[in-house]
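Please keep the sequence and the coordinates in view while reading.

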Amino acid sequence: MSDPTQYVLSGCNAAMMQGRSDPYGLIPDATVAVENGRIAWTGCAADLPSHFRTWETIDLEGRLLTPGLIDCHTHLVFGGDRAHEFELRLNGASYEEVARAGGGIASTVAATRAASEGDLISSALPRLDALIREGITTVEIKSGYGLDRDTELTMLRAARQLGHLRPVTITTTFLGAHAVPPEYDGRAEAYLTEICLPALRAAHAEGLVDAVDGFCENIAFSASQIDEVFQCASELGLPIKLHAEQLSHQGGTALAATRRALSVDHLEYATEADALAMAKAGSVAVILPGAFYTLRETQAPPIDLFRKHGVPMALATDCNPGSSPMTSLLMAMNMGCTLFRMTPQEALAGVTAHAARALGLRDRGRIASGLRADLAIWDVTRPAELSYRIGFNPLHETIVEGKRCSR
């Protein structure tokens with residue numbers, strides 16, 4: 001059908017993801033007015049102001065309405081695959097052993113360097129389409145598989161182009177400090193000085209970067225090395241994020257908190273002191289159950305400590321070729337609940353309001369007047385069903401900046 005600039009969605013149960021009377025901000029028999037890509041009014045049908053009653057009305061027939069979902073941590077653009085490493089791990093090799101033997105990130109770097117921008121776009125589109133079919137309206141995509149200036153820029157350009165090819169917002173994150181490439185083995189400082197930081201400046205000059213990330217881990221970069229990258233980001237006026245405390249405790253969370261990071265991600269080995277620091281800094285904890293599941297880890301992130309100290313928790317797929325080859329945010333929600341005992345409400349907040357916060361986006365993630373009309377319509381009535389089901393996609397339709405998109 002056509003996309004009117006003014007219309008009213010009616011006859012739905014709307015999870016506003018704000019409000020105190022219900023953990024989901026749920027309004028039964030809700031009405032949402034949309035005008036020029038923005039939410040113009042929300043509330044109970046009986047309270048709809050008279051001037052909205054002349055607009056086209058779309059009856060959702062009792063379906064659930066939520067904000068459009070947000071995948072706030074992905075590595076969606078890459079070359080090749082790592083199915084053979086999946087086999088190695090199942091035969092007993094650890095993630096660290098695979099990485100130190102030349103596999104892991106290094107193998108994807110080789111495949112990504114060999115791919116053209118067009119190749120990267122073509123291979124990423126099916127993964128992006130899988131996310132879009134589950135009601136995702138915003139996706140963050142990181143670089144980090146080039147580890148040289150030209151390929152890092154190519155990855156970011158490919159990510160930007162994806163946002164022009166599909167009805168979805170793409171945000172891009174520079175992750176040059178993802179690993180030390182083979183040609184700089186044992187010379188991490190030289191890599192940062194000669195490649196990573198110049199590439200970041202070049203990407204920023206080209207308008208390709210929304211945020212800056214790093215991997216603070218014993219197989220990647222130390223906290224002091226990551227801080228060099230964060231200092232450059234600060235000089236460029238870019239917000240930061242960080243992979244931290246995934247495989248061991250290296251102090252990355254404390255560093256990120258001192259830099260007031262948008263988010264700290266993974267966090268399996270985070271401590272109570274880390275949770276306190278994040279709460280004080282206002283950083284979001286991005287929980288990534290796909291990597292935990294794929295790597296068969298046993299150390300779960302400290303969900304109870306994040307609850308105790310009021311740290312907002314987001315959920316994401318961490319879609320990547322090695323540790324989380326997952327393109328289902330609904331599955332990530334289920335995993336967050338079943339593996340980490342997050343509640344269905346925490347899971348839905350984690351892919352809407354808190355995911356938006358993890359990206360520094362204030363105009364989405366909730367259903368409220370003035371925000372972008374990024375919405376998802378589901379063939380269910382209860383929000384918990386989105387986390388409860390396994391391998392079932394109840395999406396009916398998405399709305400992206402006011403425009404209706406069929407599943």
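Strand S7 (residues 136–142) and strand S8 (residues 169–177) form a parallel pair with five bridges. Within this pairing, valine 139 has isoleucine 170 of S8 as its bridge partner. The model is predicted, so local features need pLDDT of at least 70.

## The parallel sheet

S7 and S8 belong to an open sheet of eight strands. The order is S6-S7-S8-S9-S10-S11-S12-S13, and the pairing is parallel. Which strands stand at the edges? They are strand S6 (69–71) and strand S13 (313–315). Each has a single partner strand, so one side of each is left without a neighbour in the sheet. From one strand to the next, the twist averages 25°.

Helices pack on this sheet. Helix H4 (residues 117–132) touches S6, S7 and S8. The direction of H4 makes about 145° with that of S7. H7 also packs on the sheet, touching S8, S9 and strand S10 (241–244). The direction of H7 makes about 175° with that of S9.

## Serine 263 in strand S11

Serine 263 lies in strand S11 (residues 263–266). Is this residue buried or exposed? Its relative accessible area is 0%, and serine 263 is therefore buried. The side chain of serine 263 makes a polar contact of 2.8 Å with the side chain of lysine 241. Residues up to four places away in sequence aside, serine 263 touches Ile240, Lys241, Leu242, Val284, Val286 and Ala358.

## Aspartate 227 in helix H7

Aspartate 227 is located in helix H7. With 25% relative accessibility, aspartate 227 counts as partly exposed. Which residues does aspartate 227 contact, leaving aside neighbours within four places in sequence? They are Leu255 and Arg259. The side chains of aspartate 227 and arginine 259 make a polar contact (2.9 Å). Aspartate 227 and alanine 256 lie 29 residues apart in sequence, yet their C-alpha atoms are 8.5 Å apart in space.

## Aromatic pairs

How many aromatic pairs does a search of the whole structure find? It finds six. Two of them involve tyrosine 191, as the table shows.

| Ring pair | Centre distance | Plane angle | Class |
|---|---|---|---|
| Tyrosine 184 and tyrosine 191 | 5.8 Å | 65° | edge-to-face |
| Tyrosine 191 and phenylalanine 221 | 6.2 Å | 25° | stacked |

The planes of tyrosine 191 and phenylalanine 221 are at 25°, so this pair is stacked. The pair links distant parts of the chain, 30 residues apart. Tyrosine 191 sits in helix H6 (residues 188–205). Phenylalanine 221 sits in the loop between strand S9 (211–216) and helix H7 (223–236). Tyrosine 191 and phenylalanine 221 are both buried. Tyrosine 184 is buried as well.

Elsewhere, Trp41, Phe52 and Trp55 make up one aromatic cluster. A charge also meets a ring: the charged end of arginine 127 sits over phenylalanine 78, 3.7 Å from the ring centre.

## The antiparallel strands S14, S15 and S16

Strand S15 (residues 395–400) pairs on both counts below in the antiparallel sense. Strand S14 (residues 375–378) pairs with S15 over four bridges. Tryptophan 378 has leucine 395 as its bridge partner in S15. S15 also pairs with strand S16 (residues 403–406), again over four bridges. Here valine 400 stands opposite lysine 403 in S16.

The hairpin of S15 and S16 has two residues between the strands. Glutamate 401 is in the loop between S15 and S16. Its phi is positive, about 50°, although glutamate 401 is not a glycine. The relative accessible area of glutamate 401 is 40%, so the residue is partly exposed.

Leucine 147 is not a glycine either, and has a positive phi of about 55°. Leucine 147 is found in the loop between S7 and helix H5 (149–165). At 2% relative accessibility, leucine 147 counts as buried.

Notes:
Residues are numbered from 1 along each chain as its sequence is written. This is a predicted model: local features need pLDDT of at least 70, side-chain atom pairs count only at pLDDT 80 or more; totals for chains, interfaces and linings use all residues. Side-chain values use heavy atoms; hydrogens and water are left out. Rings of Phe, Tyr and Trp (its six-membered ring) pair if their centres lie within 6.5 Å; planes under 30 degrees apart count as stacked, over 60 as edge-to-face and the rest as tilted. Buried means under 20% relative accessible area, exposed over 50%, partly exposed in between (1.4 Å probe, protein chains only). A charge sits over a ring if NZ of Lys or CZ of Arg is within 6 Å of the ring centre and within 35 degrees of the ring normal. A polar contact is a pair of N or O atoms within 3.5 Å; within protein, one must be able to donate a hydrogen and the other to accept it, and residues adjacent in sequence count only if both atoms are side-chain atoms. Contact means heavy atoms within 4.5 Å. Two strands pair if DSSP finds at least two bridges between them. Axes are lines fitted to C-alpha atoms, for helices over the stretch in contact, and angles run from 0 to 180 degrees between N-to-C directions.
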